[in-house]
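Q: I'd like to learn how to read a fold like this one. Can you walk me through it, starting with the core?

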Amino acid sequence: MGKIIAMLQEYIEEEIKREAFRGTDFTKVLFEDTIFYQCDFTEAEFTDCIFRDCEFDECNWTGVKIYDGKIQGLSFRQAKIMGVNFAASGPGPSRYTFQECEMAYCTFEEMNLPDFVMEGG
């Protein structure tokens with residue numbers, strides 16, 4: 001089965017619940033003030049995307065790939081995040097918050113992280 005291509009080019013002030021984005025290719029998509037709840041992003045790819053103040057609550061980010069782009073605020077709560085190379089998004093500065101997340105094999109190497117919060121988990 002081939003990759004699923006994201007049709008929307010922006011998600012602004014949206015609330016998205018229980019969607020399956022498994023294997024979706026997001027290219028040049030703007031995500032701003034959007035909340036994702038119980039969404040599955042397993043093996044999704046984000047290329048040249050911009051994230052501004054987005055929340056991922058109880059989402060699955062296993063094997064997500066991030067290429068270039070800009071991260072200006074990502075918040076994860078009770079999410080599963082496995083094998084994500086956040087450093088591939090660029091040096092930053094970036095804001096990240098992780099609350100009660102299950103995380104393993106993630107990379108933040110050589111990133112400028114002035115606002116990095118990790119609680120619980």
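A: Let's begin with the term itself: a nonpolar core is a set of buried Ala, Val, Leu, Ile, Met, Phe, Trp, Tyr and Cys residues joined through side-chain atoms within 4.5 Å. Buried means under 20% relative accessible area, exposed means over 50%, and partly exposed lies in between, using a 1.4 Å probe and protein chains only. Here the largest such core has 31 residues, and Phe 41, Trp 61 and Phe 86 have the most contacts inside it. Two or more residues come from each of β8 (50-57), β11 (70-77) and β13 (95-99).

Q: Before I trust that, what kind of model is this, and how are residues numbered?

A: It's a predicted model, where local features need pLDDT of at least 70, side-chain atom pairs count only at pLDDT 80 or more, and totals for chains, interfaces and linings use all residues. Residues are numbered from 1 along each chain as its sequence is written, and side-chain values use heavy atoms, with hydrogens and water left out.

Q: How many helices and strands does the chain have?

A: Helices (H or I, at least four residues) and strands (E, at least two) are DSSP runs, numbered from the N terminus. In this chain you get zero helices and 15 strands. As for burial, 39% of the 121 residues count as buried.

Q: Which residues does Trp 61 touch, leaving aside its neighbours within four places in sequence?

A: A contact means heavy atoms within 4.5 Å. With those neighbours set aside, Trp 61 is in contact with Phe 41, Phe 46, Phe 56, Ile 66, Leu 74, Phe 76, Lys 80, Ile 81, Met 82, Val 84 and Phe 86.

Q: What does Gln 9 contact beyond four places in sequence?

A: Find Gln 9 in the loop between β1 (4-5) and β2 (10-12). Its contacts there are Thr 27, Lys 28, Val 29 and Leu 30. Gln 9 and Lys 28 sit 19 residues apart in sequence, but 6.9 Å apart in space, C-alpha to C-alpha. Gln 9 is partly exposed, at 43% relative accessible area.
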